[in-house]
Amino acid sequence: MTTPTATPPAVAAAPPPAPSPPRRRPPVRPGRMLSHLALVSYCLTSVSAFVWCVMVSLKTNPEFFSSSPWSLPQDPQFGNYAEAWNGAQISRFFLNSLYVTVTSVGVSLLFAVMAAYVLARVDFPGKSVVRLVFLSGLMMPAFLVIVPLYFLLRNLGLLGSLHGLVLVYIATQIPFSIYLLSSFFQSLPKELEEAACMDGASPTRTFFSVVLPQVSPAVASVALLNTLTIWNEFFFALVFLTDPQQQTIPVGLLGLSVNAQYSANWVQLFAGLVITMIPMLILFAFAQDRIARGVSVGALKG
Amino acid sequence: MPRSRPNLLERQRRRLVVPFLLPALVLYALFMLYPAVTTFYVALTKWDGVNAPEWAGAANFTRLTEDSLFSSTITHTIVFTVLGALVLFPGAMFFGYVTQRMRLGRVYRFLILAPVALSVTTAALLWKFLVDPNFGAVQSVLRAIGLDSLASVELLGRPSTAMLMVVLATVWHGIGLWMMFFAAAAERVPAELKEAATLDGASSFQVFRHVVWPLMWEVTRTLLILWMIQGLQTFAFIIAMTNGGPLRATEVIGTYLYKVAFASSEFGYAAAIAVVLFAAILVLTLLSQRLTRRESEQY
């Protein structure tokens with residue numbers, strides 16, 4: 001996204017050395033004030049929801065029930081975080097999510113880059129069919145595959161295991177990644193590859209040391225989008241991961257929230273919620289533009 | 001021999017086809033294509049997941065037409081989608097348009113977009129607890145501004161308000177992306193047009209209504225279909241916030257399918273629901289492709 005701030009009106013761009021300099025900004029209009037008011041109140045609501053969550057996570061359970069929801073914690077209980085991390089197994093969910101996300105995004109990206117390259121660059125019989133087969137995956141909802149997939153994993157002995165989920169996640173990311181990457185490959189000039197070939201590099205070598213470096217920005221965008229999707233994936237994880245020891249964050253949190261209703265240990269749950277928010281918000285703060293750009297490309301052209 | 005140059009490259013590359021295509025194709029075929037195709041077969045059987053599936057012909061589909069629970073989930077799904085569009089589209093359009101040339105635009109956009117990074121469960125639970133009648137923060141705000149009657153309502157416990165709450169949480173979570181879609185669309189409107197209108201004395205709302213909106217309508221139409229496709233598949237927020245309740249008032253197609261399959265073990269029937277859902281999504285996808293094709297022909 002280009003920065004929306006630095007676009008002065010065209011009037012100001014013309015050099016008028018008139019005695020009274022032209023006004024740079026339009027006078028404050030009621031419409032503008034209302035826009036700001038709406039934006040500020042919306043953003044304030046979002047931020048206070050988050051702040052509330054953090055405040056609750058620092059209270060004690062009796063305090064949580066007796067004090068006003070917006071009161072500050074009397075004596076911040078940072079121990080709640082340690083308890084959530086160890087006792088409530090947030091650390092377990094966290095590592096599971098990390099393992100599932102890193103392996104599935106990495107492997108699917110490698111396979112998708114290779115397939116996209118061949119689909120974009122090489123002519124071979126049946127190519128249009130293969131491309132269509134991959135692209136058809138773009139409109140397959142998870143609901144369409146869930147029943148046979150459940151039994152496939154069960155027959156393979158992979159039901160309830162993170163490895164099974166990784167395989168499913170690899171497959172679900174492939175169509176979208178190929179779709180985005182192959183259009184990117186098509187926009188690359190071919191000269192470098194031809195030169196490498198003339199220098200006697202094998203095609204595999206050419207691919208890994210000449211082509212891949214050129215597409216790394218696109219690969220990074222796709223990786224980021226896939227990371228966001230997989231880290232937050234809920235449906236497959238809910239169906240396939242039945243053992244609490246083997247759950248990812250989205251499903252594990254749901255289990256914790258159900259338990260909190262019986263054990264009344266709410267503050268620990270809130271500490272868990274905050275712990276799961278922090279890494280994604282940090283990632284997001286650093287990669288906001290890239291994520292927004294990638295998502296809009298994927299949605300508007302798809 | 002300069003002629004053989006592309007041929008050599010071409011020939012060398014051909015050797016890549018199989019090893020480069022195979023890993024992606026095998027995994028994709030096994031874990032997506034095969035289950036997707038099998039669903040159509042399972043939909044024609046009666047299957048409890050333990051014994052072998054029994055051929056049932058179209059029985060599952062005739063049962064769907066008589067299943068009042070299924071038709072109520074269709075209604076709820078439509079209510080969700082329409083309510084969501086009514087909140088999401090004006091909101092996202094407004095945010096996307098007004099933050100464009102603002103000094104604080106980037107800050108606003110960051111704050112509006114940030115919830116996208118939270119997992120759906122986190123976002124859903126956050127809102128579930130915010131409106132909890134016992135300890136919710138929203139209730140105390142309502143009381144503070146004198147709306148005591150509203151504060152005592154169990155917002156997620158009443159059929160009349162539960163769906164609205166789920167919609168609001170869903171929209172809060174995703175609105176930032178839709179804001180970016182609209183911002184991208186609005187940026188494609190030529191700046192000269194807007195400036196000319198402004199110089200002629202049009203207010204910013206008038207500029208939007210008469211200059212930007214006609215050009216943005218094309219994109220909005222496509223986005224509406226995209227939202228409908230997403231709305232048909234709504235699942236996570238409902239499971240986390242209401243689990244379909246109270247009194248099944250928020251049971252949608254997705255949650256119903258999930259329960260039919262994994263709570264009642266009626267896998268054939270669940271597959272039939274999946275086929276119907278897929279058909280609806282297919283129709284919407286084809287519709288959006290037709291619209292975009294016509295659009296590109298016009299330019």
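Among the contacts of chain B in this predicted model that link residues at least 6 apart in sequence, 70% join residues at least 24 apart, a contact being a pair of C-beta atoms, placed from the backbone, within 7 Å. Residues are numbered from 1 along each chain as its sequence is written, and chains are lettered from A and ligands numbered from 1 in the order in which they are written. Local features need pLDDT of at least 70 and side-chain atom pairs count only at pLDDT 80 or more, while totals for chains, interfaces and linings use all residues.

Chain B holds 14 helices and two strands (DSSP runs, H or I of at least four residues and E of at least two, numbered from the N terminus). Its radius of gyration is 25 Å, well over the 19 Å that the globule rule gives for 299 residues, so chain B is more spread out than a compact globule (the radius is taken over C-alpha atoms, and the rule is 2.2 Å times the number of residues to the power 0.38).

Turning to burial, 41% of the 299 residues of chain B count as buried, that is, with 20 or more other C-beta atoms within 10 Å of their own C-beta, placed from the backbone. H9(B) reaches 41 Å from its first C-alpha to its last, close to the 42 Å expected (1.5 Å times one less than its number of residues). A kink of about 50 degrees is centred on B:Gly174, the bend being the angle between axes fitted to the seven residues ending there and the seven starting there.

How values were computed: Buried ≥ 20, exposed ≤ 12 C-beta atoms within 10 Å, placed from the backbone. Contact = placed C-beta atoms within 7 Å.
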